[in-house]
Amino acid sequence: MGVSTADLTMASATQSRTRGAWAGIGIFVLLALTQWIAISISVPDRDMGHLQKIMYVHVPAAWNMMIAYFVVAIFSLRYLWKGQERDDLIAAAAAESGAVLTGLLLVLGMIWAKPTWGIWWTWDARLTSSAVLFFMYVGYLILRAFVDDPDRRAQWSAAVGLLGALNVPIVYMSVRWWRTLHQPQSSPSTVDPNYVIGLRINAIAFLIVLIYFIRHRYESAKMERAADQLHERAALATRGGINA
Amino acid sequence: MPDNMPFIVAAFGITWVVLLSYAWHLHRVRAEAQRRLREATEALNGGGRA
């Protein structure tokens, strides 16, 4: 009895799933640790008091949302250039993870805005451009769900992915280009030195979470495509048998 | 207790709920993909193996 390629694919998928689950647990333990360190070492802010600690989740979510969309743009461009399915699947995985982070970013921003500005939401340039980015990528995901033909789906979503990524520099620069209620970008060079380590380690922990999400989603998408192709081969083999 | 504690707890709590929920969703998507791959493998091999 021989071992087929499909059997080997199944075996490696099972192994990879177990490894992925352990990696996930490790990554979330790391995130808990970096948050605990940041909260423990940061002193209350002069103006915001302990509310400043929201920065350790809000700002890493924002940076990694931008990284996710950078990945979408790069792999969308690569797909349009080379036409390889792998690039389309990576772009889609990054778009889904990026949309999750953008949704989280908006909610965290509202939670921070209420006690700081006295309102949950305002049509400020930064908030509005971030919301537009979120809806563009929700649109990207809806488009993928409704187009059945893989080639057409990949081409259209690559175009939408690139269009959406054009909004990222607008989101980033909005606090400089327009007079906004939102403060200027938080970065290690603009925040108080007391908060730099906490911000950096949490940004790195979020980046590791993002990489884990993208990789996990990409591997599942690859398995889905392999299953579709095997189903097509099985259907063709059955049809061939009937015709013979 | 720090000022604005409910907002701080909400921010960290929502972060964990969102990230863990998405991780769980990915885990289920993967399990489903694996199930489909197994079914497809069996279909290609004639519906069962000795």
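What percentage of the 244 residues of chain A count as buried? And please look closely at helix α4 of chain A and helix α5 of chain A, and how they pack.

Author: The model is a predicted one. In chain A, 39% of the 244 residues count as buried. The chain has 7 helices and 0 strands, and along the sequence the pattern reads α-α-α-α-α-α-α. Take the contacts in chain A between residues at least 6 apart in sequence: 77% of them join residues at least 24 apart.

Now the pair itself. Helix α4(A) covers residues 125–146, and helix α5(A) covers residues 150–165. The 22 residues of α4(A) should span 32 Å at 1.5 Å a residue, and the end C-alpha atoms of this helix are 31 Å apart, which agrees. For α5(A), with 16 residues, the reach from first C-alpha to last is 22 Å, close to the 22 Å expected at 1.5 Å a residue.

The two helices pack with their axes 10 Å apart and at an angle of about 180°. Angles over 145 degrees count as roughly antiparallel, so α4(A) is roughly antiparallel to α5(A). On the α4(A) side, the contact is made by Leu133(A), Met136(A), Tyr137(A), Gly139(A), Tyr140(A), Leu143(A) and Arg144(A). On the α5(A) side, the residues are Arg153(A), Trp156(A), Ser157(A), Val160(A), Gly161(A) and Gly164(A). Sorted by class, this contact has 7 nonpolar, 4 polar and 2 charged residues.

The buried residues of α4(A) are Arg126(A), Leu127(A), Ser129(A), Ser130(A), Leu133(A), Phe134(A), Met136(A), Tyr137(A) and Tyr140(A). Among them, Leu133(A), Met136(A), Tyr137(A) and Tyr140(A) also take part in the contact with α5(A). The buried residues of α4(A) pack against α3, α5 and α6 of chain A. In α5(A), the buried residues are Ala154(A), Ser157(A), Ala158(A), Val160(A), Gly161(A), Gly164(A) and Ala165(A). Ser157(A), Val160(A), Gly161(A) and Gly164(A) are among those that also touch α4(A). The cover over the buried residues of α5(A) includes α2, α3, α4 and α6 of chain A.

In soluble globular proteins, nonpolar side chains tend to be buried together. The largest nonpolar core here has 64 residues, and those touching the most other members are Ile54(A), Ala61(A), Ala68(A), Val72(A), Ala91(A), Ala94(A) and Leu108(A). Both α4 and α5 of chain A are among the elements that give two or more residues to this core, as are α1, α2, α3, α6 and α7 of chain A and α1 of chain B. The largest share, 16 residues, comes from α2(A). A second, separate core of 8 residues includes Met223(A), Ala227(A), Leu37(B) and Leu44(B).

That leads to the other chain. Chain B has 1 helix and 0 strands, and buried residues make up 30% of its 50 residues. The helix, α1(B), has 40 residues and reaches 58 Å between its first and last C-alpha, close to the 58 Å expected at 1.5 Å a residue. After α1(B) comes Gly46(B), with a positive phi near 90°.

Between the chains, 38 residues of chain A are in contact with 28 residues of chain B. On the chain A side, the elements giving two or more residues are α1, α3 and α7. The most come from α7(A), with 14 residues. By class, this side of chain A divides into 21 nonpolar, 9 polar and 8 charged residues.

Ile27(A) is in helix α1 of chain A and counts as partly exposed because 18 C-beta neighbours lie inside 10 Å. Not counting residues up to four places away in sequence, Ile27(A) touches Ile208(A), Val209(A) and Tyr212(A). Pro188(A) is in the loop between α6 and α7 of chain A and counts as exposed, with 12 C-beta neighbours inside 10 Å. With residues up to four places away set aside, Pro188(A) touches Val196(A), Leu199(A) and Arg200(A).

Technical notes. Residues are numbered from 1 along each chain as its sequence is written. Chains are lettered from A and ligands numbered from 1 in the order in which they are written. This is a predicted model: local features need pLDDT of at least 70, side-chain atom pairs count only at pLDDT 80 or more; totals for chains, interfaces and linings use all residues. Axes are lines fitted to C-alpha atoms, for helices over the stretch in contact, and angles run from 0 to 180 degrees between N-to-C directions. Helices (H or I, at least four residues) and strands (E, at least two) are DSSP runs, numbered from the N terminus. Angles under 35 degrees count as roughly parallel, over 145 as roughly antiparallel, 65 to 115 as roughly perpendicular and the rest as oblique. Two residues are in contact if their C-beta atoms, placed from the backbone, lie within 7 Å. Ala, Val, Leu, Ile, Met, Phe, Trp, Tyr, Cys and Pro count as nonpolar, Asp, Glu, Lys and Arg as charged, and the others, Gly among them, as polar. The expected span of a helix is 1.5 Å times one less than its number of residues. A residue is buried if 20 or more other C-beta atoms lie within 10 Å of its own, exposed if 12 or fewer, and partly exposed in between; C-beta atoms are placed from the backbone. A nonpolar core is a set of buried Ala, Val, Leu, Ile, Met, Phe, Trp, Tyr and Cys residues joined through C-beta atoms within 7 Å.
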